[in-house]
Amino acid sequence: MKTVGIIAEYNPFHNGHQYQIETARTRTGADYVLVVMSGDYVQRGTPAAFEMSLRAKAALLGGADLVLEMPVFGSVAPAMDFAACGVSLLRHTGITDILCFGSESDDLSLLSGQAEQTEHETTEISERIRAGLKAGMSWPAARAHAYEEAASLSISKTPNDILGIEYLRALKKSHSAILPFAIKRRGASYHDTDVLGPLASAAAARKAILDGDTKTLKKILPPAVFALCSRRPAVTFDDLSLLLHQKLLTTNRETLLATSQMPKALADRLLKTRLRFGTASDTAARSKDRQHTYARVCRCLLNVTLGITAEQTTAFKAMDSAPWLRIAGFKRSSSPLLSALKKNTDLPVLAKTADAKKRLSPAAFCLLEKHLETAELYRLLCETKTGRTLPNEYTRPIVIL
């Protein structure tokens, strides 16, 4: 049995994702495709457009065999921590042979070299990165510029390659036997919202969903996925606006500083402007500065809204960013894969949430309770927006196709 793993958000699942799954299976000769997918919140610091169950079903319809949920502590994190969590979960399955990821360069030797080079950050490079951030560069641009200036090394600045480098670093750091496999990104670029063909970006798909542009969605989503979500209102960052401002109004400075990933300067800025209301995206836009990018501010604001603390994030990392494996969905035809997972993993496999307290250590169960609390908040957003009643985290069934 050969299994290829993919770390993804599927926000939403589109033709490019289906292409990756099909290509990964074909080119690696894998029998199964196992996906670690972000839960209800994603790395850019926003709620996912659709709930986890729908996105897991879309992944299975698009070719995946088994979908595991990434906990919120890993999914709402900088690229390095997001990658480390995904790699750790795949490694702890005990059945993942290959990690497949998209790449703009499609040059694994180049990315491996860059991963090796960036593993050894000198004091000079660190200072140059800080200077770049103060000058208004994004972190990837500042890092690339620092290595180019200090060490005459060219570091990729494109989104998939940046994440690919972090996957490779995580594999090496954990001494994992999982082999990396890069697939060249086709079609639109990561941030491109224009649709010129069937392979568009997730950003373009989200824009089409918000615009109600079903013609475009039909072009860029697999038919089965289009049927799932074309007429569903998407959850957005701004749906959190009221909850965010309530938190900012009632949270003191000490508690705000204890929020996961929260810099002191940003906390002080948020406290200073907390009587200025507006949408969550407005708050993020006016709170960003040269040192804190829009995405980083969004992650901090999301952590404030969800009440995720630095202490919880530290505890999560202390558990190798993998306290459990939670099944989101699987195909009946992949029962041998599921059996192999249960036999080979060294982590508790959660199929029924009600059984979690018996399966987890007290510390891990505390983190799971927080994770479930954030999922219930997402369900509240969905029910408020759609008028549909959704099952809670204790009654929600696993998606089985």
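The model is a predicted one, in which local features need pLDDT of at least 70 and side-chain atom pairs count only at pLDDT 80 or more, while totals for chains, interfaces and linings use all residues. Residues are numbered from 1 along each chain as its sequence is written, and side-chain values use heavy atoms, with hydrogens and water left out.

The protein contains 20 helices and ten strands, taken as DSSP runs (H or I of at least four residues for helices, E of at least two for strands). Its radius of gyration, computed over C-alpha atoms, is 20 Å, close to the 21 Å that the globule rule (2.2 Å times the number of residues to the power 0.38) gives for 401 residues, so the protein is as compact as a globular protein of that length. Of the contacts (heavy atoms within 4.5 Å) with a separation of 6 or more, 74% join residues 24 or more positions apart. Buried residues, those under 20% relative accessible area, make up 53% of the 401 residues.

No disulfide, defined as a pair of cysteine sulfur atoms within 2.5 Å, is present in the structure. For Cys 298, the nearest cysteine sulfur, that of Cys 300, is 9.4 Å away, and Cys 298 counts as buried because its relative accessibility is 2%. The sulfur of Cys 366 lies 18 Å from the closest cysteine sulfur, in Cys 85, which is too far for a bond.

Conventions. Buried < 20%, exposed > 50% of the residue type's maximum accessible area, 1.4 Å probe, protein only.
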